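Please keep the model open while you go through this note. The points below can be checked one at a time.

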Amino acid sequence: MAGRDLPIIVVGGGIGGLAAALALSKKGRAVHVLEQAATFGEIGAGIQLGPNVFKMFDYLGLTEAINQTAVFPGNLMMRDALSGEEVVRVPVGSAGFKARFKYPYGVIHRADIHGAFLAACRKSPLVTLSASRKVTGYEDRGDRVVVETEQGGSVEGSLLVGADGLWSKVRGQLVGDGKPRVSGHIAYRAVIPTQKVPAHLQQNNVVLWAGPKTHLVHYPLRRGEVYNLVVVFHSSRYEEGWDTYGDPEELHERFKGQRPEVLEFLAMVNEWKMWVLCDREPIKGWSKGRSVLLGDAAHPMLQYLAQGACMATEDAVVLANKLDAAKGDHAAAFEAYEKERYLRTARVQLMARFYGELYHAADVRRDLRNSLLAGTTPEAAINGAAWLYSGIPV
Ligand SMILES: Cc1cc2nc3c(=O)[nH]c(=O)nc-3n(C[C@H](O)[C@H](O)[C@H](O)COP(=O)(O)OP(=O)(O)OC[C@H]3O[C@@H](n4cnc5c(N)ncnc54)[C@H](O)[C@@H]3O)c2cc1C
């Protein structure tokens with residue numbers, strides 16, 4: 001088969017990889033997704049979705065599937081975890097927010113958003129999904145890319161999209177900039193049935209309790225049937241790795257002295273899943289020859305703006321559009337894709353670090369944060385988010 005007739009290989013079947021497969025297939029391109037896990041799936045936790053990604057869902061024909069399980073909160077609220085005072089709120093459910101951004105702010109279970117992408121990919125005759133294919137390396141042969149997998153056997157493609165996440169093998173070969181940066185922040189996550197949450201703590205808001213070197217976030221998921229909890233604290237105890245179990249004792253120690261609401265939430269969970277949070281410096285040079293990076297593989301970020309999956313989805317749409325417009329000139333398409341994406345994603349990467357500092361401020365920094373944000377009007381809060389939530393042109 002001539003190189004140009006081969007499918008585009010996408011390494012990684014997470015949200016970014018499936019979004020890429022779907023967006024490319026909608027432009028008439030055949031895609032082969034290689035996923036290392038035995039099945040295509042996502043872990044059980046919540047994810048926040050800005051209006052910028054709802055614009056992408058609309059473009060990809062996914063809105064109905066997403067809306068079936070998404071919850072649309074009234075506000076994003078920051079509260080001080082020591083005093084209980086409300087520091088600031090963004091009224092994401094308000095008429096003003098909807099008028100400004102045209103699309104809603106939602107929260108969803110990861111399995112549900114991933115499932116929506118997966119179902120759409122399965123419906124497309126142009127998408128082939130192969131699980132249990134762990135990519136170990138690839139070779140650019142000029143007219144094609146040949147990918148090697150741990151399971152043996154090679155897979156050929158016209159182009160290669162590295163959507164293999166934070167620990168990307170493709171990035172290792174393409175950029176070669178070593179391991180991600182360990183931030184020193186640890187996240188524990190849990191999803192609990194709403195019946196376990198006392199009525200006085202239930203609300204349709206995303207609430208962030210900002211404490212010294214800690215924060216806790218809670219919001220309802222799946223039509224309000226379950227609650228998502230995320231707690232973050234600073235620790236140099238952990239180096240790297242993820243998907244292991246957290247230590248509740250350590251949590252109680254870190255959050256000692258905080259508001260009763262925070263402690264009540266912590267007491268509801270016995271089993272936490274743990275993540276060591278990492279990111280990287282923003283870079284240029286996302287492509288080389290026939291290979292290109294997307295999502296966390298290109299621009300891993302801390303989750304403090306809740307945008308990693310949103311950015312990966314935007315990447316996917318832009319990449320597919322650029323490849324379509326370039327009519328076979330993949331180098332021009334990759335260049336145009338990076339040009340359109342690198343400053344926006346760099347801004348999120350760097351601002352996310354800053355927001356981490358803001359959430360975890362202690363002592364005078366905390367007082368300064370609370371005093372500077374006090375009295376923020378709904379209009380000002382909405383204006384402040386416009387660079388991000390207005391989204392990208394498609
Ligand atoms: C605590 C926390 C909270 C977050 N909250 C939000 C939020 O509210 N909103 C938001 O938008 N984002 C959020 N994010 C970020 C978001 O989860 C990521 O940015 C997003 O999942 C990245 O998607 P991806 O497809 O690029 O990478 P991943 O989701 O990491 O997917 C990569 C896929 O590639 C596969 N893979 C890896 N290596 C190989 C290989 N060698 N061969 C084959 N397959 C491979 C993996 O198994 C995986 O399926 C959060 C992240 C964290 C840690």
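**Notes on the model**

1. Helix α1 is mostly covered, with 11 of its 12 residues buried. The buried ones are I15, G16, G17, L18, A19, A20, A21, L22, A23, L24 and S25. Keep in mind that this is a predicted model.

2. After α1 comes G28, which has a positive phi near 85 degrees. As background, an α-helix has 3.6 residues a turn, so residues three or four places apart point the same way.

3. Next, the ligand. The shell around the ligand has 31 residues, and those that come nearest are G16, E35, Q48, R110 and D296. G16 is also one of the buried residues of α1. Sorted by class, the shell holds 10 nonpolar, 12 polar and 9 charged residues.

4. Which elements each supply at least two residues of the shell around the ligand? They are α1 (15–26), β3 (46–49) and α9 (308–326).

5. For D296, a polar side-chain atom lies 2.8 Å from an oxygen atom of the ligand. For G308, a polar backbone atom is 3.2 Å from a nitrogen atom of the ligand. For A309, a polar backbone atom is 2.9 Å from an oxygen atom of the ligand. The ligand taken alone exposes 1000 Å², and the protein buries 86% of that.

6. Strands β8 (residues 135–140) and β9 (residues 145–149) run antiparallel and are joined by 5 bridges. Y138 has V147 in β9 as its bridge partner. This hairpin has 4 residues between the strands, and G142 takes a positive phi near 90 degrees. In general, side chains in a regular strand alternate between the two faces of the sheet.

7. Is H218 buried or exposed? Its relative accessibility is 1%, and buried means under 20%, so H218 counts as buried. H218 sits in strand β14 (residues 214–221). Its side chain is joined to the side chain of W209 by a polar contact of 3.1 Å.

Notes: Residues numbered from 1 in each chain as written. Predicted model: local features only at pLDDT ≥ 70, side-chain atom pairs only at ≥ 80, totals over all residues. Heavy atoms only, no water. Near = heavy atom within 4 Å. Polar contact = N/O pair within 3.5 Å; in protein donor to acceptor, adjacent residues only side chain to side chain. Areas by Shrake-Rupley, 256 points an atom, 1.4 Å probe, with all protein chains shown as cover. Nonpolar A, V, L, I, M, F, W, Y, C, P; charged D, E, K, R; others polar. Pairing = 2+ DSSP bridges. Buried < 20%, exposed > 50% of the residue type's maximum accessible area, 1.4 Å probe, protein only.
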